[in-house]
Amino acid sequence: MENQNRVKEAAEKYGAENVVVLIGGAEAEAAGLAAETVTAGDPTFAGPLAGVQLGLRVYHVVEPEFKNEVDPDVYDEQIGMMEMVLDVDEIIEEVKDIRDEYCKFND
Amino acid sequence: MTYSVVKGSGYVLVNTPDMILHNGTTQTTEKTINPNSDYLKELPKHIRSFEEVVNYPPNQTYIGNLTPEELKEYKKPWYDKKFEGADKVGKFGEIMHQNEFIGLMKIVDTFDLVKLEKNFTEDVKEKLSAHHFMKEDLISRLKSGDEIESIKKSVEEQGAEGLYNNGELVGCVKRAHDIDINLSAHILFENLVVKASGVLAALNLIEKNNINPEDIEYIIECSEEACGDMNQRGGGNFAKSIGEMAGFVNATGSDTRGFCAAPTHAMIEAAALVEAGIFKNVVVVAGGSTAKLGMNGKDHIKKGLPILEDVVGGFALLIGENDGVNPVLRTDLVGRHTVGTGSSPQAVIGSLVTEPLDKGNLKITDIDRYSVEMQNPDITKPAGAGDVPKSNYKMIGALGVMRKELERTQLNDFIEKHGMEGWAPTQGHIPSGVPYVGFAREDILNGKIKNTMIVGKGSLFLGRMTNLFDGVSIVIEKNPGKIDEEKGVSEEEIRSFVAEAMRDFASHLLKE
């Protein structure tokens with residue numbers, strides 16, 4: 001709930017086009033839910049983003065769009081192990097689907 | 001100086017169906033913001049019976065009737081499975097019925113805050129008299145009960161928290177102060193639940209391990225509640241209050257807090273106190289939480305499952321002087337997540353798992369069994385939190401791959417061989433590392449495994465004081481059987497014996 005508030009405030013302060021949300025959920029379902037919340041609005045209708053379609057750019061940290069932007073050593077140190085543990089393909093598919101459908105910014 | 005040992009354990013569950021609706025925060029929050037919600041209407045249809053709770057394979061594992069290996073044989077999900085031969089009394093403890101537990105809350109209440117209705121009191125007295133070890137001096141504390149009218153009045157007009165059984169008001173917990181929120185009925189209710197379930201765990205520890213309660217010298221309580229009034233909200237001392245009811249007349253104690261990691265912190269502290277010779281026998285104990293009942297209830301109901309978070313947990317461990325038999329606590333192989341460790345998963349797992357192993361020149365595969373956050377996946381998976389123990393084992397294995405101690409293709413084998421399925425209820429500190437200690441003691445004594453690592457982790461951000469993560473770990477291993485090295489002959493002494501003999505021999509030669 002508090003995170004929703006922080007995302008909402010950041011989008012209002014800096015403009016939705018200037019905000020990128022990075023998520024780190026360990027499960028595809030949870031990652032998809034977080035991605036949906038910051039694009040199409042809170043699907044559970046419980047938090048401040050209920051009915052608010054921010055359409056923000058959102059990426060999971062295991063997605064190549066993020067990974068390629070980061071120093072490989074730092075990435076390996078911080079995320080390398082989790083990359084081995086997580087179902088990366090499933091997460092990417094889930095988050096990408098949400099982004100393709102609801103993100104307002106086409107890069 | 002020799003290591004301390006794990007002398008025994010007690011594990012209890014309390015089935016509290018009415019407290020799910022009245023005291024679980026998911027439900028009480030819903031009642032506040034959406035009192036007519038479909039969830040609240042649907043919930044009563046998803047409550048399991050006491051028999052179903054007893055028969056549930058993970059619960060039978062928690063109290064020791066089903067081993068972790070036997071639990072693995074059950075195909076998941078488990079909520080529709082039943083352990084034939086299930087019993088509410090287990091090798092390590094018991095599963096208690098709500099009515100007996102409400103009675104126990106009255107028994108452990110020393111300030112006359114719990115009021116129970118007369119007929120209910122009689123009924124509970126009878127039930128507790130038939131309990132397999134509850135003694136008369138405790139049962140007599142139930143007294144004769146109160147009229148239902150006065151209980152109703154306390155709930156409706158004086159801010160008391162109702163105690164319900166089968167949907168019926170049978171008693172209440174009164175507030176202890178008119179304006180002090182720390183002594184409100186709500187807080188006292190939660191504190192009496194944690195105390196009563198902690199007492200039940202301590203009593204089972206004594207009963208199951210043939211321990212003389214007078215031998216206990218110190219108690220460390222490690223749950224997640226706080227007791228005190230408005231001038232000292234977390235003043236304590238649950239530990240001593242539990243010791244009073246369990247008959248630990250020669251003990252004092254204190255409370256250790258650290259979210260879910262607290263039980264492992266407490267075990268390390270207990271081991272240090274015994275190893276240093278300060279106390280001979282230290283009990284680590286914790287009761288459970290009503291706030292977490294039905295925590296993931298919305299997801300469970302959405303998926304057509306029963307409410308699986310329907311038990312309050314408790315455990316007690318006895319850490320004692322080295323007896324040359326019981327498994328030792330390797331205080332030189334302790335892992336800790338420090339302030340400077342960082343929060344990336346590999347930094348966390350590295351600090352808790354590989355750092356202590358490095359101290360002992362051990363590889364990840366040298367530990368036979370890892371006990372991590374042993375949350376029951378039946379509860380967490382439908383709620384989108386995945387299989388928590390399995391994720392932990394994957395991370396430990398992945399770190400092993402990064403350290404080149406196993407091949408990536410061996411990851412699944414590693415999980416299979418060094419991991420376990422989770423069986424503990426999602427009660428915060430209750431599933432964290434400690435659920436396996438009882439089995440570990442047996443498995444090591446029986447030679448099934450030679451060692452285990454107990455890992456406790458905690459999410460400190462919930463208290464809003466720090467964003468840091470936390471965790472500690474300790475290795476428990478087979479007792480080599482040497483009790484007191486100091487009484488033996490040291491290397492130096494042998495050297496001086498040899499030197500003396502040589503001198504004698506030399507002088508003898510010279511004489512000749």
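1. Contacts within chain A. In chain A, 67% of the contacts with a separation of 6 or more join residues 24 or more positions apart; two residues are in contact if their C-beta atoms, placed from the backbone, lie within 7 Å. The model is a predicted one, in which local features need pLDDT of at least 70 and side-chain atom pairs count only at pLDDT 80 or more, while totals for chains, interfaces and linings use all residues. Residues are numbered from 1 along each chain as its sequence is written, and chains are lettered from A and ligands numbered from 1 in the order in which they are written.

2. Architecture of chain A. Helices (H or I, at least four residues) and strands (E, at least two) are DSSP runs, numbered from the N terminus. The radius of gyration of chain A is 14 Å, close to the 13 Å given by the globule rule for 107 residues, so chain A is as compact as a globular protein of that length. That radius is taken over C-alpha atoms, and the rule is 2.2 Å times the number of residues to the power 0.38. The C-alpha trace spans about 35 × 25 × 25 Å along its principal axes. Of the 107 residues of chain A, 30% count as buried, a residue being buried if 20 or more other C-beta atoms lie within 10 Å of its own, exposed if 12 or fewer, and partly exposed in between, with C-beta atoms placed from the backbone.

3. Architecture of chain B. Chain B contains 20 helices and 13 strands. The C-alpha atoms of chain B fill a box of roughly 105 × 55 × 45 Å, taken along the principal axes. Buried residues amount to 53% of the 512 in chain B. Among contacts in chain B with a separation of 6 or more, 74% are between residues 24 or more positions apart.

4. The side of chain A that touches chain B. Ten residues of chain A are in contact with twelve residues of chain B. On the chain A side, helix H2 (28-37) and helix H5 (80-85) each supply at least two residues, and H5(A) gives the largest share, five residues. This side of chain A divides into six nonpolar, two polar and two charged residues. Here Ala, Val, Leu, Ile, Met, Phe, Trp, Tyr, Cys and Pro count as nonpolar, Asp, Glu, Lys and Arg as charged, and the others, Gly among them, as polar.

5. Helix H11 of chain B. H11(B) has 25 residues and reaches 36 Å from its first C-alpha to its last, close to the 36 Å expected at 1.5 Å a residue; the expected span is 1.5 Å times one less than the number of residues. Of the 25 residues of H11(B), 22 are buried. Just after H11(B), B:Asn210 takes a positive phi of about 55 degrees.

6. Packing of H7(B) on H11(B). Helix H7 (residues 98-108) and helix H11 (residues 185-209) of chain B pack at an angle of about 100 degrees, with their axes 9 Å apart. Axes are lines fitted to C-alpha atoms, for helices over the stretch in contact, and angles run from 0 to 180 degrees between N-to-C directions. H7(B) and H11(B) are therefore roughly perpendicular to each other; angles under 35 degrees count as roughly parallel, over 145 as roughly antiparallel, 65 to 115 as roughly perpendicular and the rest as oblique. From H7(B), B:Phe101, B:Leu104, B:Met105 and B:Val108 meet B:Leu192, B:Val193, B:Lys195, B:Ala196, B:Val199 and B:Leu200 of H11(B). This contact has nine nonpolar, no polar and one charged residues.

7. Packing of H7(B) on H8(B). H7(B) also packs on helix H8 (residues 118-129) of chain B at an angle of about 100 degrees, with axes 9 Å apart, which makes H7(B) roughly perpendicular to H8(B). B:Asn99, B:Glu100, B:Ile102 and B:Gly103 in H7(B) meet B:Asp123, B:Val124, B:Lys127 and B:Leu128 in H8(B). By class, the contact has three nonpolar, two polar and three charged residues.

8. Helix H12 of chain B. Seven of the nine residues of helix H12 (residues 238-246) of chain B are buried, so H12(B) is largely enclosed by the rest of the structure. The buried residues of H12(B) pack against H7, H11, strand S6 (218-221), strand S7 (252-255) and strand S8 (281-286) of chain B. B:Gly247 follows H12(B), with a positive phi near 80 degrees.
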